[in-house]
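Reader: Hi! I have a model open on my screen and would like to talk it through with you. Shall we begin?

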Amino acid sequence: MPAIAVLVPSPAAVALRQSLPRPGSALVRVRTPEALWRLGQRRLLDAVVLSPLGGGLALVRELHARWPVLPLVAFAPFRPDDGEAIVACREAGVAALLVEGVDDAVAGDLVARVTLTARRRAEMEDAPRVLRLTEPLQRQVWELVVREVEAGETGVATSMN
């Protein structure tokens with residue numbers, strides 16, 4: 001199963017865990033950028049949630065350079081005077097901006113919408129029609145294949161480097 005790496009302070013991580021739809025990607029909290037790099041070497045990542053404030057913007061840029069396809073979500077207590085950080089996040093390829101304390105109740109759902117799993121599912125939405133899968137058994141097999149890929153149980157090795 002892919003993981004959503006979370007590199008934010010504890011209250012934001014708790015809000016994210018409580019609002020993440022089930023079933024879905026596993027949340028894995030990391031405390032340092034080094035731990036994030038190690039996690040990315042061991043597990044398939046679905047997204048990364050981090051705070052760009054307080055020097056985190058450099059990490060956002062580094063993540064985008066290292067893993068350009070991986071969705072990044074900025075989750076921080078943004079204030080009106082953080083406009084430069086918000087613009088820099090958007091320029092660095094951040095998929096979503098969440099305001100801690102405002103978006104807490106829906107943070108997990110918003111993150112789930114931008115994950116690689118969600119993107120893959122949206123891209124394959126028309127596949128049954130394009131492949132002309134008309135029989136119920138064909139559609140059931142297609143759904144099984146999609147679920148197995150999302151669960152990471154196919155045995156196919158993947159690399160994000």
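Author: Happy to. Let's start at Val-141, which is partly exposed with a relative accessible area of 43%. On that scale, buried means under 20% relative accessible area, exposed means over 50%, and partly exposed is in between (1.4 Å probe, protein chains only).

Reader: Before we go on, what kind of model is this?

Author: This is a predicted model, where local features need pLDDT of at least 70 and side-chain atom pairs count only at pLDDT 80 or more, while totals for chains, interfaces and linings use all residues. Residues are numbered from 1 along each chain as its sequence is written, and side-chain values use heavy atoms, with hydrogens and water left out.

Reader: Good. Back to Val-141: which helix does it lie in?

Author: Val-141 belongs to helix H8, residues 136–151. Helices (H or I, at least four residues) and strands (E, at least two) are DSSP runs, numbered from the N terminus.

Reader: Let's switch to H5. Which of its residues are buried?

Author: H5 runs over residues 107–114, and Ala-107, Gly-108, Val-111 and Val-114 are buried. Looking down the axis, these buried residues fall within an arc of 130°, so they line one face of H5. The arc is that of the directions from the helix axis to the C-beta atoms.

Reader: What do they pack against?

Author: Quite a list: strands E1 (3–7), E3 (45–50), E4 (72–76) and E5 (96–99), plus helices H1 (10–19) and H6 (116–123). Contact here means heavy atoms within 4.5 Å.

Reader: Salt bridges next. How many does the structure hold?

Author: Five. The criterion is a side-chain nitrogen of Lys or Arg within 4 Å of a carboxyl oxygen of Asp or Glu. One of them joins Glu-62 and Arg-66, with the closest N and O atoms 3.8 Å apart. Those two are four residues apart in helix H3, so about one helical turn separates them. Glu-62 is partly exposed at 38%, and Arg-66 is partly exposed at 36%.

Reader: New topic: where is Ser-51?

Author: Ser-51 is in the loop between E3 and helix H3 (56–66), and at 17% relative accessibility it counts as buried. A polar atom of its side chain lies 3.4 Å from the backbone nitrogen of Leu-53. Leaving out residues up to four places away in sequence, Ser-51 touches Leu-7, Val-8, Gly-56, Phe-75 and Ala-76.

Reader: What polar contact does the side chain of Thr-117 make?

Author: The side chain of Thr-117 meets that of Asp-46 at 2.8 Å. A polar contact is a pair of N or O atoms within 3.5 Å; within protein, one must be able to donate a hydrogen and the other to accept it, and residues adjacent in sequence count only if both atoms are side-chain atoms. Thr-117 lies in H6 and is buried, at 14%.

Reader: Last one: what is the phi of Arg-132?

Author: Arg-132 has a positive phi of about 60°, although it is not a glycine. Most residues other than glycine have a negative phi. Arg-132 is in the loop between helix H7 (127–130) and H8, and counts as exposed at 69%.
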